[in-house]
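We will go stop by stop.

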Amino acid sequence: MQQRTLGSLDVSALGLGCMGMSEFYGPGDEAESIATIQRALDLGVAFLDTADMYGVGRNEELVGRAIRGRRHEVILATKFGNVRGPGGERLGISGKPDYVRQACEASLRRLGVEVIDLYYQHRVDPQTPIEETVGAMAELVRQGKVRHLGLSEAGPETIRRAHAVHPITALQTEYSLWSRDPEGGILDTVRALGIGFVPYSPLGRGFLTGQIKSIEDLAPDDFRRNGPRFQGENFQKNLDLVQVVETMAREKGCTPAQLALAWVLAQGPDIVPIPGTKRRSYLEENLGALGVSLTADDMARIDRALPPGAAAGTRYAEAQMGLLGR
């Protein structure tokens, strides 16, 4: 397995996003999910990503069961900040120091580990100065409960202020051929500070795989059904973009998913995408991206076909968009 470095943290060149194993992407299969995590470890994909909000803690518990007896093989990342009630209700965002400490203890317990390798603030709390939040996270490092700190969906100024309190190892933000917002300000900022970049949804929430041709291809409880990019005219416009990816993939002798991931990987050695899947077959397909080489001409062609802003619709519903890039 190829290795890359996020800040001072060495990880596998591809990670595994575990969110969909417990919520959001239709029904889950716990046995297959655990088998997928264990297969990932067998293949050298040792960078696992979860969060306390996924499945209201159930995803951390699942990951904990999957890595039992293999903790030494794993770089384990989880997140706090999106607060949910026991029934899954959304209760807002918190970066208050007391909450940071409570959330970490709860994650350690659910994961069944003594230390978290990379601990992210999932969303920036506009009511709590970032210095206070990161100060509390830094205390967890001093206590030996966390090794490295990260932020998710933070803006350039917040990143700089956080990094001044304690070194930030990684920034996690959505980035793919149809979500190129980080280019420029955010990527320039993290690179200037020596912070690694972790793209989530590098396959455009599965759209770039070419597997979704109709909204009916999604389960009734799949959260993507309510996403702006999956609605009405936006859906068809985005489907037209995917056809370009499919055409290029055929020419390169790879799948659309592998081409889309290869493009993300080609953006720099400080970038480690974490495609999510709950099936071993898709995990193995995604790993094939590491063997796809894109020429300068390929990259230029992709850039012409899918420039920044090409996707129709916003990443999230309008109310959620206000929580990003703070």
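Predicted model: local features only at pLDDT ≥ 70, side-chain atom pairs only at ≥ 80, totals over all residues.

Stop 1: Select Ser201, which sits in the loop between β11 and α7 (232-252). Check its backbone: phi is positive, about 50°, although Ser201 is not a glycine. Is Ser201 buried or exposed? Its relative accessibility is 14%, so Ser201 counts as buried, the cut-off being under 20%.

Now select Arg205. Arg205 also lies in the loop between β11 and α7. Its phi is positive too, at about 55°, and Arg205 is not a glycine. Arg205 is buried, because its relative accessible area is 8%, and buried means under 20%.

**Stop 2: the sheet.** Switch to cartoon view. Seven strands make an open sheet. Read them across in the order β3-β4-β5-β8-β9-β10-β11. The pairing is parallel. Which strands form the edges? They are β3 (16-17) and β11 (196-200), and each pairs on one side only.

**Stop 3: strand β9.** Select residues 146-152, which make up β9. Six of the seven residues in β9 are buried, leaving the strand mostly covered. Five bridges join β8 to β9, and the two run parallel. To see a bridge, pick Tyr120; its partner in β9 is Gly150.

Then look to β10, residues 168-174. Four bridges link β9 and β10, again in the parallel sense. Pick Ser152 here: its bridge partner in β10 is Gln172.

**Stop 4: helix α8.** Select residues 256-265. How many residues of α8 are buried? The count is 10 of 10, and the helix is mostly covered. Among them are Gln258, Trp263 and Pro256. The buried list also includes Leu259, Leu261 and Leu265.

**Stop 5: the cavity.** Stay with α9, residues 280-287. A search of the whole structure finds one cavity of 30 Å³ or more. The volume of the largest cavity is about 50 Å³. Which residues line it? Select Leu14, Gly15, Leu16, Val45, Pro275, Thr277, Leu283, Asn286 and Leu287. Helix α9 gives the largest share of this lining, three residues. Colour the lining by class: six residues are nonpolar, three are polar and none is charged.

**Stop 6: Thr295.** Move on to the loop between α9 and α10 (296-305), where Thr295 is found. Its relative accessibility is 40%, so Thr295 counts as partly exposed; that class lies between the 20% and 50% cut-offs.

Finish with a distance. Draw a line from the C-alpha of Thr295 to that of Leu48: the two are 30 Å apart in space. In sequence, 247 residues separate Thr295 and Leu48.

Definitions and conventions. Residues numbered from 1 in each chain as written. Heavy atoms only, no water. 1 Å grid on protein atoms, 1.4 Å probe; cavity = no way out; pocket = protein on both sides within 12 Å on 5 of 7 lines; lining within 4 Å. Points joined across faces, edges and corners; volume = space filled by probe spheres on them. Nonpolar A, V, L, I, M, F, W, Y, C, P; charged D, E, K, R; others polar. Pairing = 2+ DSSP bridges. Buried < 20%, exposed > 50% of the residue type's maximum accessible area, 1.4 Å probe, protein only.
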